[in-house]
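Here are some notes for a colleague who has not looked at this structure before. They are set out as numbered points, to be read beside the model.

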Amino acid sequence: MDPFIFDPQGDAGQADLVLGEAAISDPGWDGEPSALTLRLTFAAAVAPHDVVGYIYLDTDRNPDTGRSPRDMGGLAGQDIGYDYYLDLFGLPSLGLVDVWRQDGVYIGSAVGEYTAHSLTIVLPLSLLGREDGVMDVALALGTIQGAEDWAPEIGHAIIGLGADWLTESPVVEDVPAEAEQTILLSLDTSRLQPGLHTARLAIANDDPLTPLLYVPLSITVESAPTMGRLMGRVTNRYTGQGMGARILAQGGPYTSSDPDTGQYTLWLEEGDWLVRAIALSAPASVSQTVTVNVSAQGMLDQDFILAWCDLYLPLVMRE
Ligand SMILES: [Ca+2]
Ligand SMILES: [Ca+2]
Ligand SMILES: [Ca+2]
């Protein structure tokens with residue numbers, strides 16, 4: 001799992017968060033949804049079974065949409081506009097985490113599981129609308145007596161930017177004052193689509209003002225001479241609008257379409273492929289599968305049309 005927040009130990013009593021980690025699972029060919037796993041680790045003295053609170057998710061990463069955490073137990077310095085929030089108040093009694101939209105619409109529930117000093121929550125990303133897994137996040141945690149630990153107190157954390165093509169070594173190292181430490185980065189681009197990929201190297205340290213330092217990283221992957229390109233749009237049959245979908249090649253790579261335009265590009269090795277588009281914010285059964293033949297250096301147009309009616313229709317009963 002990728003750490004997204006390091007919170008100081010000792011800044012809270014019964015709900016002292018020290019580490020937040022996240023992982024996003026790949027979507028499955030058979031429609032297993034992408035899921036977001038969140039693991040919160042608390043100071044060793046904390047029994048996380050009493051912890052309640054809110055996790056604010058800014059899924060469009062736009063502070064001008066949604067609400068400020070300040071409106072609901074958060075701090076004014078937490079600079080996001082959350083579009084969804086996770087409500088942990090059902091955890092101690094029911095073991096459930098409720099997912100709410102910012103305007104108070106109940107979306108669904110997920111199970112929270114405890115291990116020693118950690119709490120793990122697994123959320124299907126389809127609960128969060130047109131979500132690709134990258135989002136801004138802030139937390140307010142406490143007990144039913146009140147909020148105790150905010151993370152981060154100023155700014156926000158980002159989840160979903162973990163780069164599985166990058167490993168760093170050493171991961172943990174104490175660096176004395178005025179000393180230097182070289183960190184070796186290893187790249188594995190074998191599973192990456194051609195194009196630009198970015199990541200941030202986070203360096204946790206004991207500076208109270210900037211407990212996390214970020215070093216931006218980017219890499220451009222060139223296509224191999226044996227690869228060809230599939231391009232097109234994913235649209236909604238009922239509205240004609242572009243829509244967000246996962247485009248997967250069976251046994252191969254996948255990509256996502258732009259949620260606004262529906263446009264996508266998927267690079268594949270030459271040969272025959274089964275390719276499936278699965279709507280992101282709909283049941284996984286909303287999909288279309290095609291067979292394509294990709295030629296080296298070739299470009300193939302392939303549009304997908306998905307039948308998904310994203311409306312709640314009132315049901316009228318008549319005698
Ligand atoms: Ca803390
Ligand atoms: Ca927002
Ligand atoms: Ca804190």
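1. How many bridges join strand S17 to S18, and in which sense do the two strands run? Strand S17, residues 245-249, is joined to S18 by 3 bridges, and the two run antiparallel. Within this pairing, Leu-248 has Tyr-254 of S18 as its bridge partner. Please keep in mind that the model is a predicted one.

2. S17 and S18 belong to an open sheet of 4 strands, ordered S18-S17-S20-S21, with antiparallel pairing. At its edges are strand S18 (254-256) and strand S21 (287-294), each of which pairs on one side only. On average, neighbouring strands of the sheet are turned by 20° against each other, direction ignored.

3. The protein is divided into three parts: domain 1 covers 2-159, domain 2 covers 182-221 and domain 3 covers 227-306. The centres of domain 2 and domain 3, taken over C-alpha atoms, are 29 Å apart.

4. The largest nonpolar core has 46 residues, and those touching the most other members are Tyr-56, Leu-57, Leu-86, Val-137 and Leu-139. The strand that gives the most to this core is S9 (residues 135-143), with 6 residues. Another core lies apart from it and has 20 residues, including Val-234, Leu-268, Val-286 and Phe-304.

5. Why is S9 described as largely enclosed by the rest of the structure? The reason is burial: 8 of the 9 residues of S9 are buried, so the strand is largely enclosed.

6. S9 has several pairing partners. Strand S4 (residues 52-58) is joined to S9 by 7 bridges and runs antiparallel to it; here Ile-55 stands opposite Leu-139. Strand S10 (residues 146-151) is joined to S9 by 5 bridges, again antiparallel, and Leu-139 stands opposite Ala-151 of S10. S9 and S10 form a hairpin, with 2 residues between them.

7. Strand S11 (residues 157-159) also pairs with S9, in the antiparallel sense, over 3 bridges. In S11, Ala-157 is the bridge partner of Val-137.

8. Which residues does Val-137 contact, leaving aside its neighbours within four places in sequence? They are Phe-4, Ile-55, Tyr-56, Leu-57, His-156, Ala-157 and Ile-159.

Conventions: Residues numbered from 1 in each chain as written. Chains lettered and ligands numbered in written order. Predicted model: local features only at pLDDT ≥ 70, side-chain atom pairs only at ≥ 80, totals over all residues. Domains from an automatic or database assignment. Pairing = 2+ DSSP bridges. Axes fitted to C-alpha atoms, helices over the stretch in contact; angles between N-to-C directions. Core = buried A, V, L, I, M, F, W, Y, C linked by C-beta atoms within 7 Å. Buried ≥ 20, exposed ≤ 12 C-beta atoms within 10 Å, placed from the backbone. Contact = placed C-beta atoms within 7 Å.
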